[in-house]
Amino acid sequence: MTTGNPAMNAALARILSRRLVICLGPGGVGKTTVSAALGVAAARNGRAVDVMTIDPAPRLLDALGLDANRADPQDVQIAGAPRGARLRALRLDPKHTFDRLVERHAPNAATRDSILNNRIYRNLSTALAGIADYMAIERLLELYDDASNDLVVLDTPPASEAIDFLDAPTRLLDLLNSRALNLLGPSGGFLSMADAATRAILAAFDRITGLRILGDLRGLLVSFESMYQGFAERAGRARSLMQAETTHAVVITTAEPERILQIEPFIASLAASGIAVGAVVVNRVGFDLPDRSALTNGIASAIRRKLARNLRDFRALQRREDAALLELRKVVGPGTAIIAAPDLGAEPRSLKDLSEFAARLTERE
């Protein structure tokens with residue numbers, strides 16, 4: 001399928017012609033809304049799109065018509081989309097995805113059941129720091145392998161730096177291969193003699209509480225050892241996919257000086273990782289202001305004065321915004337597109353709102 005819609009600006013069409021678009025950015029900049037809007041724009045332009053969101057607001061779930069209790073891709077009805085186009089959206093469920101990962105890579109049913117029924121695993125699969133990052137990568141690979149997709153749009157978890165998300169596969173492997181876990185696992189001889197004191201403490205704790213934590217932990221590690229190769233292969237494939245020519249990263253920010261500074265490490269870490277930045281989307285950009293005469297002609301003087309004051313305030317905000325965009329151009333360099341996303345005054349509450357938002361995405365010089 002093509003992205004030949006003449007109404008779409010060239011930069012946006014170039015991004016949405018890729019196979020994978022990864023949306024990154026700090027929290028609070030509207031990253032999930034922009035991701036959903038990119039999916040709507042691509043579907044309206046004839047593509048078969050899957051959008052995965054990490055933690056959408058209830059309003060966005062309602063706008064997309066998603067059932068928050070489902071973990072599978074759900075159809076989103078896009079009126080007027082060309083024949084063959086479609087949009088599906090899903091909300092990442094880390095626990096569900098981790099379970100599917102275990103089911104896929106466990107060498108046999110006994111190992112699978114041992115892991116899924118393990119008390120420590122049940123807590124680990126929901127409470128481990130960065131689990132959303134790990135499982136977003138895993139779910140991404142599943143969606144990418146779906147031959148019915150032309151495009152996958154991935155809304156990543158909020159992060160202080162892009163590398164937080166991009167290194168998720170490596171961090172998972174480091175965790176599974178760490179010295180601390182190996183000492184407990186079979187390759188380290190359960191606990192080495194140097195850690196006899198630790199073993200004694202844990203064993204005493206088990207006897208007193210009856211919780212059998214040490215046994216459960218060792219059982220979990222024994223089971224996971226047989227799956228390590230599968231995890232390693234998936235991690236390597238995820239890294240290659242992110243660096244592929246068919247992948248573009250889109251960094252989302254807002255036109256505020258502190259936000260511009262905040263995305264500098266995103267741009268740097270993407271470049272260092274060999275990942276192409278397709279564009280920077282600046283969300284909540286203000287609208288063009290009318291001339292003062294257009295607002296004040298023919299109205300009472302008291303109201304005219306109030307409107308004039310408001311107009312001055314808005315113009316001051318606009319100058320600040322323009323200065324931030326000039327600074328952003330220095331950060332991203334001349335070869336990266338800057339796309340402005342409009343400030344609609346409220347978060348999108350319907351597909352109509354998302355469609356309007358997507359239609360008003362414009363490229364800035």
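At what angle do helix H4 (residues 94-105) and helix H5 (residues 109-116) pack, and how far apart are their axes? The answer is given below, after an overview of the chain.

## The model and the chain

This is a predicted model, in which local features need pLDDT of at least 70 and side-chain atom pairs count only at pLDDT 80 or more, while totals for chains, interfaces and linings use all residues. Residues are numbered from 1 along each chain as its sequence is written, and side-chain values use heavy atoms, with hydrogens and water left out.

The chain has 17 helices and nine strands, where helices (H or I, at least four residues) and strands (E, at least two) are DSSP runs numbered from the N terminus. Of its 365 residues, 47% count as buried; buried means under 20% relative accessible area, exposed means over 50%, and partly exposed lies in between (1.4 Å probe, protein chains only). Among the contacts (heavy atoms within 4.5 Å) with a separation of 6 or more, 77% come from residues 24 or more positions apart.

## Helices H4 and H5

Two packed helices are described by the angle between their axes and the distance between the axes. For H4 and H5 the angle is about 155° and the axes are 8 Å apart, which makes H4 roughly antiparallel to H5. Here axes are lines fitted to C-alpha atoms, for helices over the stretch in contact, and angles run from 0 to 180 degrees between N-to-C directions; angles under 35 degrees count as roughly parallel, over 145 as roughly antiparallel, 65 to 115 as roughly perpendicular and the rest as oblique.

In this pair, Asp99, Val102 and Glu103 of H4 meet Arg112, Ile115 and Leu116 of H5. By class, the contact has three nonpolar, no polar and three charged residues, where Ala, Val, Leu, Ile, Met, Phe, Trp, Tyr, Cys and Pro count as nonpolar, Asp, Glu, Lys and Arg as charged, and the others, Gly among them, as polar.

## Helices H14 and H16

Helix H14 (residues 257-272) packs with H16 at an angle of about 15°, with the axes 10 Å apart, and the two helices are therefore roughly parallel to each other. The residues of this contact divide into eight nonpolar, no polar and four charged.

Val331 and Pro265 are 66 residues apart in sequence, and their C-alpha atoms are 10.0 Å apart in space.

## Two buried residues

Val49 is found in strand E2 (residues 48-53) and is buried, with a relative accessible area of 0%. Leaving aside neighbours within four places in sequence, the contacts of Val49 include Gly39, Ala42, Leu87 and Asn149; the C-alpha atoms of Val49 and Asn149 are separated by 5.8 Å, although the two residues are 100 residues apart along the chain.

Glu142, in helix H7 (residues 131-144), counts as buried at 13% relative accessibility. Glu142 touches Arg100, Arg104 and Arg234, again not counting residues up to four places away in sequence.

In helix H17 (residues 351-359) the buried residues are Leu354, Ser355, Phe357 and Ala358. They cover an arc of only 160° around the axis, which puts them on the same side of H17; the arc is that of the directions from the helix axis to the C-beta atoms.

What covers these buried residues includes helix H2 (31-44), helix H3 (58-64), strand E7 (277-285) and strand E8 (337-342). The face of H17 turned away from the buried side carries the exposed residues Lys352 and Ala359.
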